[in-house]
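Here is a friendly walk through one model, from its rings to its charges and its fold. Please keep the structure open beside the text as you read.

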Amino acid sequence: ESKCKIILASFSSEVGRKVFCQAYHLNMIGPYYVWIVSGSLPKYWWRTDDKILVKELNESCNYRQMNRAVKGHFAVTDQIMSTDLDKKTISGYTPREWKKVYQQYQQKLNPDYPRSESRAPLSYDAVWSIALALNHSIEPLFKAWNTTLDQFEYRNNNFSDVFAEQMDGLKFAGISLMSPFDSVLESYGFNPVVNPQ
């Protein structure tokens with residue numbers, strides 16, 4: 001059973017700084033926490049000249065603590081659908097076909113569901129991204145370290161390095177995007193940003 005927690009968050013820069021400062025003090029960072037935030041935030045949104053104060057915890061965070069708190073987060077844009085609605089994607093669906101199937105599924109689950117697709121196309125592509133990155137990691141892991149995915153350990157940097165490399169080079173036709181990640185493996189951590197076409 002995995003102890004990993006995946007947290008999807010949408011907030012302004014100011015609120016995001018407080019959330020990550022609080023996460024830092026609650027030890028909700030590191031290999032067991034995967035933070036996925038909005039890519040519409042400015043670059044280095046967590047940095048500020050002032051200390052971040054979290055009144056609820058009576059705690060604050062400095063520049064170094066904030067860099068540590070956000071290390072390893074993912075940022076994705078809110079591009080909802082590809083502009084090429086009739087191009088086949090990796091799933092076999094065109095974005096137009098996928099939208100129809102998704103709406104039918106939602107209406108079956110909840111006849112009163114809102115018409116807004118929210119972030120569903122992006123979430124769908126995120127799952128494909130993870131699956132493809134893991135799949136593409138099999139050969140490099142085996143060649144370099146005679147290791148398989150079922151031997152995964154959070155504290156083994158060989159895995160995270162290979163996963164980051166595979167995610168960084170990932171290209172596929174998806175529902176919401178065509179070339180999902182720009183190379184932005186910055187010194188502060190792995191932060192793939194969705195790049196809508």
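## Aromatic pairs

Rings of Phe, Tyr and Trp (for Trp, the six-membered ring) are taken as a pair if their centres lie within 6.5 Å; planes under 30 degrees apart count as stacked, over 60 as edge-to-face and the rest as tilted. By this rule there are 11 aromatic pairs. One of them joins Phe20 and Trp35, whose centres are 4.6 Å apart with 45 degrees between the planes, so by the definition the pair is tilted. Phe20 belongs to helix α1 (residues 13-25) and Trp35 to strand β2 (residues 33-38), so this pair ties together parts that are 15 residues apart in sequence. Helices (H or I, at least four residues) and strands (E, at least two) are DSSP runs, numbered from the N terminus.

The model is a predicted one: local features need pLDDT of at least 70, side-chain atom pairs count only at pLDDT 80 or more, and totals for chains, interfaces and linings use all residues. Residues are numbered from 1 along each chain as its sequence is written, and side-chain values use heavy atoms, with hydrogens and water left out.

How exposed are the two partners? Buried means under 20% relative accessible area, exposed over 50%, and partly exposed in between (1.4 Å probe, protein chains only). Phe20 is buried at 0% relative accessibility, and Trp35 is buried too, at 7%. Ring pairs also link these two residues with Phe11, Tyr44, Trp45 and Trp46 into a cluster.

Tyr44 sits in the loop between β2 and β3 and is partly exposed, with 26% relative accessibility. Its phi is positive, about 60 degrees, although Tyr44 is not a glycine. Most residues other than glycine have a negative phi. The charged end of Arg47 sits over the ring of Tyr44, 4.1 Å from its centre; the rule here asks for NZ of Lys or CZ of Arg within 6 Å of the ring centre and within 35 degrees of the ring normal.

## The nonpolar core

A nonpolar core is a set of buried Ala, Val, Leu, Ile, Met, Phe, Trp, Tyr and Cys residues joined through side-chain atoms within 4.5 Å. The largest one has 20 residues, of which Phe11, Phe20, Val37, Trp45 and Met66 touch the most other members. At least two residues each come from β1 (5-9), α1, β2, β3 (52-54) and α2 (63-70). Helix α1 gives the most, with four residues.

## Helix α4 and what follows

Helix α4 (residues 120-145) has 26 residues, and at 1.5 Å a residue it should span 38 Å; its end C-alpha atoms are 37 Å apart, which agrees. The expected span is 1.5 Å times one less than the number of residues. At Ser137, α4 bends by about 30 degrees, and Pro140 follows within four residues. That bend is the angle between axes fitted to the seven residues ending there and the seven starting there. Ser137 is among the buried residues of α4, as are Leu132, Ala133 and Leu141.

Just after α4 comes Asn146, with a positive phi of about 50 degrees. Asn146 lies in the loop between α4 and α5 (157-168) and is exposed, with a relative accessible area of 54%.

## Salt bridges

How many salt bridges does a search of the whole structure find? It finds three, taking a salt bridge as a side-chain nitrogen of Lys or Arg within 4 Å of a carboxyl oxygen of Asp or Glu. Arg96 pairs with Asp86, their closest N and O atoms being 2.8 Å apart. Arg96 is in helix α3 (residues 95-109) and Asp86 in the loop between β5 (74-76) and α3, so the pair ties together parts that are 10 residues apart in sequence. Arg96 is partly exposed at 45%, whereas Asp86 is exposed at 52%.

Lys88 forms a salt bridge with Glu97, at 3.5 Å between the closest N and O atoms, and Glu97 is partly exposed, at 34%. In α4, Lys143 bridges to Glu139 at 2.8 Å; being four residues apart in the helix, they are separated by about one helical turn. Lys143 is exposed, with 65% relative accessibility.

## The whole chain

The chain has five helices and nine strands, running β-α-β-β-β-α-β-α-α-α-β-β-β-β from the N terminus on. Of its 197 residues, 37% count as buried.
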